[in-house]
Amino acid sequence: MTTTALAIHGGCGVLPLDSMSDADWAEARQDLGRALSAGWSVLKGGGTSVEAVEAAVVVMEDSPHFNAGHGAALNEDGIHELDASIMDGATLEAGALSAARGIRNPVRAARALMKDGRAVFLTGAAADDFAAQTGLQVMPQDYFTTPKRIEALAAMKAHAAAGTEASENEKHGTVGAVALDAAGHLAAATSTGGYTNKPAGRVGDTPVIGAGTYARDGVCAVSGTGKGEFFIRHVVGHEIAARVSYLGESLSQAAEHVVHVDLSGSSQTTGIVGAGLVALDGNGAVSAPYNTAGMFRGWVTPEGRAFVATHDEIHEVQP
Ligand code: ASP
C-alpha cells in the first residue's frame, strides 16, 4: 500500500487565544488549510514530496499572516532579509538561500538552486540574482511589508530601549512543510523573514540544512521554527534523525526530546527557547511538538484526514 502524508507549520510565535478575534483566528486557520490543500493535491495527483512541500510553503509565503515572503519580519534596519531551504530525502540534495531581499517566493528559488546543483547555498545579492536569472518573480521590498510587521519592529525597538522582554509572538515566525509521497520519499522545506529587529546580515536556522530543515528517506523530514541560533547549535533536524537512526527512538520520542528537553532548559541552554517543529517519519507518522503558547500547524494523515490548529484545539478541515 502506498502511504502519503503532509504536515505544515506557520511558526511557533502564536498570540494568546484571547488576543485576536475569532474571525482573525478563522482566517489564519483558513490559510493553513489552503496550504495543506495545495500540498495534498500534489501528493494525491502522484506528485513528489519535493513538489508538495514547495506548493504548501508558497501559499504561506503569499499569505500576510505568516513570517515569510509577503508579511516577513523586518530586521534592525527596517529591511526584509529572507531565508529559505528545501531538501529531498531521497537524494539528500538540497537548496538554500539567505538574506535575499526581493525573491517573492524564496522556497521556489531554493528548489531551483537544488535542481541547478552547482551550489547548495547562496547568500545575499547572489541569491536574488540567481532567482532573477531563473525567471522567478522578484519584488520591491515594500511588497513584503505589512502594517503588523512595522508595528512589531517598533515594539521590538521599544523593548530593546526599555530592557524589557518581547513576547514569543513578537519574536517568532517561519513557515515550513514536510511530506511523504507515494514512492516513499520524504522532503522538507522552510521559509522565513527571521526574527523582528534581527541584526542586518544575520542568518538563522531556516536555510541551514540539518538545523531548521532536514530530510532523509526512511528516517524523517523536519522543519523547525523558533530562535534559530539554538536550532543551529543543537543541529535540530539532524539531531532528530540521529536519535531515530542511532537510538532507535520513534519519531515523536526523538522530536519531543529535542523540543522539550534540549531546547527547553537543558544544561546547554540558558532557559526555555521558544521552539516548535513539524516532522514525519518514513511511514507518515506526524509529530508536531512546541513549547510556546501555540504553533500554527496542520497535517494530513495517511488516511487522508486533514487538521489545522493554532493552540491545543484541533479543527478537522477538508484536505
Ligand atoms: N527560526 C527562525 C529564525 O531564527 C525564526 C522563527 O521561526 O521564529 O530565523
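Buried means under 20% relative accessible area. Keep that cut-off in mind on this tour of a predicted model.

**Stop 1: histidine 80**

Select histidine 80. It sits in the loop between helix 2 and strand 2. Is histidine 80 buried or exposed? Its relative accessibility is 0%, so histidine 80 counts as buried.

Now show the side chain. It reaches the backbone oxygen of alanine 72 at 3.2 Å. The side chain of histidine 80 also makes a polar contact with the side chain of threonine 145, at 2.7 Å. Setting aside residues up to four places away in sequence, histidine 80 touches Ala72, Ala73, Leu74, Ala100, Arg101, Gln141, Phe144 and Thr145.

**Stop 2: strand 3**

Move to alanine 96, in strand 3. Alanine 96 has 0% relative accessibility and therefore counts as buried. Its contacts, not counting residues up to four places away in sequence, are Ala84, Ser85, Ala110, Leu113, Val120, Phe121, Leu122 and Pro207.

Pick the C-alpha atoms of alanine 96 and threonine 196. They are 21 Å apart in space, and the two residues are 100 apart in sequence.

Stay in strand 3 and select alanine 99. Check its backbone: phi is positive, about 55 degrees, although alanine 99 is not a glycine. Alanine 99 has a relative accessible area of 10%, so it is buried.

**Stop 3**

Select residues 106-116, which form helix 3. Which residues of helix 3 are buried? They are Pro106, Val107, Ala109, Ala110, Ala112, Leu113 and Met114. Colour them, then look at what they pack against. The list holds helix 2 (49-62), strand 2 (82-88), strand 3 (94-100), strand 4 (121-123), helix 4 (124-133) and strand 6.

Go just past the end of helix 3. Glycine 117 takes a positive phi of about 80 degrees there.

Now show helix 2 and helix 3 together. Their axes come within 8 Å and cross at roughly 155 degrees. That angle makes helix 2 roughly antiparallel to helix 3, because angles over 145 degrees count as roughly antiparallel. Helix 2 brings Val50, Glu51, Glu54, Val57, Val58 and Glu61 to the contact. Helix 3 brings Pro106, Val107, Arg108, Arg111 and Met114. The residues of this contact divide into six nonpolar, no polar and five charged.

Look at how residues line up along a helix. An α-helix has 3.6 residues a turn, so residues three or four places apart point the same way.

**Stop 4: threonine 190**

Select threonine 190, in strand 6 (residues 186-192). Threonine 190 is buried, with a relative accessible area of 0%.

What does the side chain of threonine 190 make a polar contact with at 2.7 Å? The partner is the side chain of threonine 213. Another atom to find is the backbone oxygen of glycine 212, which lies 3.4 Å from a polar atom of the threonine 190 side chain.

Leaving aside neighbours within four places in sequence, threonine 190 is in contact with His9, Asp83, Ala84, Ser85, Thr174, Val175, Gly176, Thr206, Gly212, Thr213, Ser223 and Gly224.

**Stop 5: asparagine 197**

Follow the chain into the loop between strand 6 and strand 7 (213-216), where asparagine 197 is placed. Asparagine 197 has a positive phi of about 70 degrees although it is not a glycine. Its relative accessible area is 17%, and asparagine 197 is buried.

**Stop 6: helix 8 and helix 9**

Select helix 8 (residues 236-247) and helix 9 (residues 251-262). Their axes are 8 Å apart, and the helices pack at an angle of about 135 degrees. Helix 8 and helix 9 are therefore oblique to each other. The crossing of helix 8 past helix 9 is right-handed.

Show the side chains in the contact. On helix 8 they belong to Val236, Glu239, Ile240, Arg243 and Val244. On helix 9, pick Leu251, Ala254, Ala255, His257, Val258 and Asp262. This contact of helix 8 with helix 9 divides into seven nonpolar, one polar and three charged residues.

**Last stop: serine 41**

Finish in helix 1 (residues 22-44), at serine 41. Serine 41 is partly exposed, with a relative accessible area of 44%. Draw a line from its C-alpha atom to that of aspartate 205. The separation is 29 Å, for residues 164 apart along the chain.

Note on methods. Residues are numbered from 1 along each chain as its sequence is written. Side-chain values use heavy atoms; hydrogens and water are left out. Axes are lines fitted to C-alpha atoms, for helices over the stretch in contact, and angles run from 0 to 180 degrees between N-to-C directions. Helices (H or I, at least four residues) and strands (E, at least two) are DSSP runs, numbered from the N terminus. Angles under 35 degrees count as roughly parallel, over 145 as roughly antiparallel, 65 to 115 as roughly perpendicular and the rest as oblique. A crossing is left-handed if the near helix is turned anticlockwise from the far one by less than a right angle, and right-handed if clockwise. Contact means heavy atoms within 4.5 Å. Ala, Val, Leu, Ile, Met, Phe, Trp, Tyr, Cys and Pro count as nonpolar, Asp, Glu, Lys and Arg as charged, and the others, Gly among them, as polar. Buried means under 20% relative accessible area, exposed over 50%, partly exposed in between (1.4 Å probe, protein chains only). A polar contact is a pair of N or O atoms within 3.5 Å; within protein, one must be able to donate a hydrogen and the other to accept it, and residues adjacent in sequence count only if both atoms are side-chain atoms.
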